[in-house]
Structures are given as C-alpha cells and as structure tokens.
Amino acid sequence: ARALTPQTAETDAIRFLVGTQSLRYDNQIHIIDFDDENNIINKNVLLHQVGEIWHISTSPADKGVLATCYNKTSDTKVMTCAAVWRMPKELESGSHESPDDSSSNTQTLELLCHLDNTAHGNMACVMWEPMGDGKKIISLADNNILMWDLQESSAKAVLSSSAALEGKGQLKFTSGRWSPHHNCTQIATANDTTVRGWDTRSMRQIYSIENAHGQLVRDLDFNPNKQYYLASCGDDCKVKFWDTRNVTEPVKTLEEHSHWVWNVRYNHSHDQLILTGSSDSRVILSNMVSISSEPFGHMVDDDELSDQEDQHQEEKIKEPLQDSVIATYEEHEDSVYAVEWSSADPWLFASLSYDGRLVINRVPRALKYHILL
C-alpha cells in the first residue's frame with residue numbers, strides 16, 4: 001500500500017482511509033476507525049476494482065466523497081486515471097461498533113465521475129480546495145494543472161481552467177498542495193527538483209524555487225498557521241522549509257533521514273510539529289518551533305508576574321525554544337510512503353509502509369502538555 005488520507009470532513013471520529021496496490025487481486029479501500037478510549041482499530045473494506053491505488057484524498061465538505069488516482073491497464077499500456085467516488089451511506093461517518101462477521105461482506109464504491117485525463121496524461125495527484133464546499137478539485141496530470149468543478153452532486157466534473165508546464169524535456173509533476181491561505185487562490189507543485197507556486201485564478205506561476213532539492217521533490221505541505229511557509233522533502237534525504245516571499249534560501253533544513261523522504265506533514269493545530277516518512281523505514285516527529293507561529297512559547301501577561309519573576313520571564317521571552325527531533329518511530333520494516341495527522345485528534349497520526357502495515361501513534365504526552373500548558 002502507498003495511499004493514505006485522513007477523512008478530512010470527519011472531525012469527531014478518528015478515521016483514516018488506506019488504498020491498496022495489489023497486482024493480483026481486486027484492490028480495496030480500507031476504512032480504519034480508531035477507538036481512542038478502548039485502543040481498538042475497526043476496519044471496513046470497500047472494493048476498488050478499477051486498479052491499484054496510487055493516491056487517495058477526501059472531500060473537505062462531504063464525509064462520503066473521496067477521489068483516487070489509480071492505474072488502468074489497456075492494450076499493454078498503463079494509464080494513471082482519477083475518479084471521484086461515494087462510499088455507502090452507512091459507512092460515511094466513523095462508527096465504533098465492530099462489524100459482525102455475517103455483515104462484513106465487502107461493499108463497493110459508487111463511481112460519481114471520472115476526471116477525464118485522456119488528453120492530458122497520467123494523473124499524479126488530486127487536491128480538494130481546502131476550505132471549500134467540496135466542489136473544486138485540482139488534478140496534476142503529467143505536465144498539466146487541471147481545475148475541475150464538480151456539479152450535480154458531484155456526478156459530473158467540468159474542466160474549468162488549466163495550465164501547462166513549459167520547458168525542455170519531459171516535464172512531469174510529482175505532487176502538489178493547495179494552500180489554505182489567501183482565500184485558497186494558490187497551489188504549490190513539485191516537478192523534478194523544482195517547487196512552483198501558482199495562482200488558481202489566472203493559472204499563472206507566481207514563484208519558482210529552482211533546485212529546491214538536489215534530487216526529485218516528493219512532497220509539499222503548507223504551514224496551516226503562517227501564510228508564506230511551505231515545507232518540501234525529496235530524494236536528497238532532506239526536508240526544507242521555505243518562505244515563499246524569498247525563495248533564494250530555505251529558512252531551515254532537516255537532515256535526519258538516511259533515504260528518500262516521501263512525505264512531510266504539518267500538524268493542523270500546532271504548526272511546530274512536523275511529521276516525515278521515508279524509505280529508510282522510519283517516521284520522524286520534529287519540533288520546528290523556531291519557524292512556527294509560536295516561536296517563543298505562549299506569551300505571559302505582565303500583570304500576573306512579581307518583579308523577580310518578571311525579570312526571569314523577560315529573559316525567557318528573548319530566548320526562542322530549540323528545534324529538535326522529538327521521536328523516531330521504527331515500527332515499520334518497509335519503506336514508509338505516507339504519514340498523515342488525524343483530522344479529529346491533533347495529537348494522533350498514522351503512517352503506512354509498502355508492506356501494508358498501518359501504524360497509529362500519538363505525540364508524546366510530555367510534549368503535548370508542554371505545548372498546551
């Protein structure tokens with residue numbers, strides 16, 4: 001398995017979706033519900049018969065809707081296509097009942113529409129507008145950015161605008177992220193070693209970070225709390241943090257992994273917490289507090305302090321907290337292709353390795369209280 005996503009619209013139950021990559025059997029989407037109180041994982045399986053799943057993403061507005069990028073083989077040619085699906089009604093929201101054996105017959109996804117890419121090449125990923133009503137989607141296909149409007153309760157996708165990557169050679173996007181800032185009018189894309197920013201209204205490029213990494217850029221993520229901050233990771237084993245207003249140098253670089261870094265994710269609530277997964281089989285949780293929205297910790301109101309404390313507090317405020325690796329998780333025995341934070345619990349995350357192992361972990365309690373108190 002390679003594809004993992006939290007169910008973005010589900011903010012009460014802890015739920016992840018995993019897509020399988022089997023050549024021999026029908027592929028599936030596993031709906032994983034984590035029951036926090038009893039520490040139990042429940043699983044429901046949906047058939048995804050059209051092909052092996054390379055990427056999966058869920059609607060920010062509708063719990064039942066998701067998109068997949070999958071391989072389709074036709075006449076000795078393999079195409080990566082994308083489609084929007086609906087899961088069966090009874091599976092839409094997170095349930096804590098374990099399914100009876102009798103009722104655990106596998107159900108099938110309902111196809112809402114294809115994102116037709118016949119003219120544009122292989123789909124790399126699908127991004128939903130983060131704050132939207134779940135009607136706007138951008139897909140990256142080879143060297144094209146395609147903006148889709150979903151209509152008639154998502155049963156029809158209309159191409160509303162597009163842009164192509166110009167340049168020498170066979171240019172191909174590897175991944176992209178839609179920025180939650182600037183009224184959702186910007187996306188960032190990765191192709192080869194370059195990271196680019198685009199304005200979704202004009203479909204024009206607004207910045208370009210040439211040679212952002214020494215080798216292929218694998219993934220990107222925007223800081224949810226700071227407008228211009230973007231993280232990237234790649235095959236040079238590095239994770240880099242950028243301020244998109246000045247792209248000559250990264251603001252920070254992390255060099256903790258010993259192989260390709262496939263995934264980087266900011267925590268949605270506490271942007272100093274950064275999660276990375278790599279084909280060194282490790283997941284690393286870092287505390288990048290110096291470039292977070294609270295670089296000096298919580299500010300304390302002056303009136304509450306006596307003189308002695310006051311002096312001590314002033315010294316403390318001048319000293320930013322240190323960036324550090326919080327924990328390295330080594331439960332995987334294979335390449336970790338995906339890491340994701342839960343949409344419901346900001347202290348909980350999942351990681352997925354190629355052998356199909358899904359691991360759920362939490363931020364260490366001591367750090368959680370340090371951040372909160």
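This is a predicted model: local features need pLDDT of at least 70, side-chain atom pairs count only at pLDDT 80 or more; totals for chains, interfaces and linings use all residues.
This briefing walks through the pockets, cores and charged pairs of the structure above.

Residues are numbered from 1 along each chain as its sequence is written, and side-chain values use heavy atoms, with hydrogens and water left out. Strands here are DSSP runs (E, at least two residues), numbered from the N terminus.

**Pocket and cavity**

- The largest pocket has a volume of about 1,500 Å³. A pocket, on a 1 Å grid over the protein atoms alone, is an open set of points with protein on both sides within 12 Å along at least five of seven lines, and lining residues have an atom within 4 Å of a point.
- Of its 50 lining residues, His55, Gly176, Arg177, Arg265 and Glu340 are the closest to the centre.
- Strands giving two or more residues to that lining include S1 (3-6), S5 (53-58), S14 (173-178), S22 (261-266) and S26 (336-341).
- There is one cavity of 30 Å³ or more; a cavity is a set of grid points where a 1.4 Å probe fits but cannot get out.
- The largest cavity comes to about 40 Å³, where a volume is the space filled by probe spheres set on the points, which are joined across faces, edges and corners.
- Its lining is made up of Cys237, Val239, Leu254, Glu255, Glu256, His257, Thr276, Ile284 and Ser286.

**Salt bridges**

- The structure holds 17 salt bridges, each a side-chain nitrogen of Lys or Arg within 4 Å of a carboxyl oxygen of Asp or Glu.
- Arg265 sits in strand S22 and Glu340 in strand S26, 75 residues apart, so the link joins distant parts of the chain.
- Both Arg265 and Glu340 are buried (under 20% relative accessible area; exposed is over 50% and partly exposed in between, with a 1.4 Å probe and protein chains only).
- Asp243 and Arg245 meet at 2.8 Å, N to O; Asp243 is buried at 13%, whereas Arg245 is exposed at 56%.
- Lys136 and Asp149 form a salt bridge at 3.8 Å, N to O. Lys136 is in strand S11 and Asp149 in strand S12, so the pair ties together parts that are 13 residues apart in sequence.
- Lys136 is partly exposed at 32%, and Asp149 is partly exposed at 23%.
- Asp62, Arg86, Lys89 and Glu92 are linked in a salt-bridge network.

- Glu129 is in the loop between strand S10 (123-128) and strand S11 (136-141).
- Glu129 is buried but has no salt bridge, and the nearest side chain of opposite charge, Lys136, is 5.3 Å away. For charge, Lys and Arg count as positive and Asp and Glu as negative, while His and the chain ends are not counted.
- Leaving out residues up to four places away in sequence, Glu129 touches Pro60, Lys136, Trp178 and Cys184 (contact means heavy atoms within 4.5 Å).

**Nonpolar cores**

- The largest nonpolar core has 17 residues, and Val84, Leu115, Met123 and Ile137 touch the most other members. Such a core is a set of buried Ala, Val, Leu, Ile, Met, Phe, Trp, Tyr and Cys residues joined through side-chain atoms within 4.5 Å.
- Elements giving two or more residues to this core include strand S6 (65-74), strand S7 (77-86) and strand S9 (110-115).
- Another core, of 16 residues, lies apart from it, with Leu46, Ala83, Trp85 and Leu109 among them.

Methods: Helices (H or I, at least four residues) and strands (E, at least two) are DSSP runs, numbered from the N terminus.
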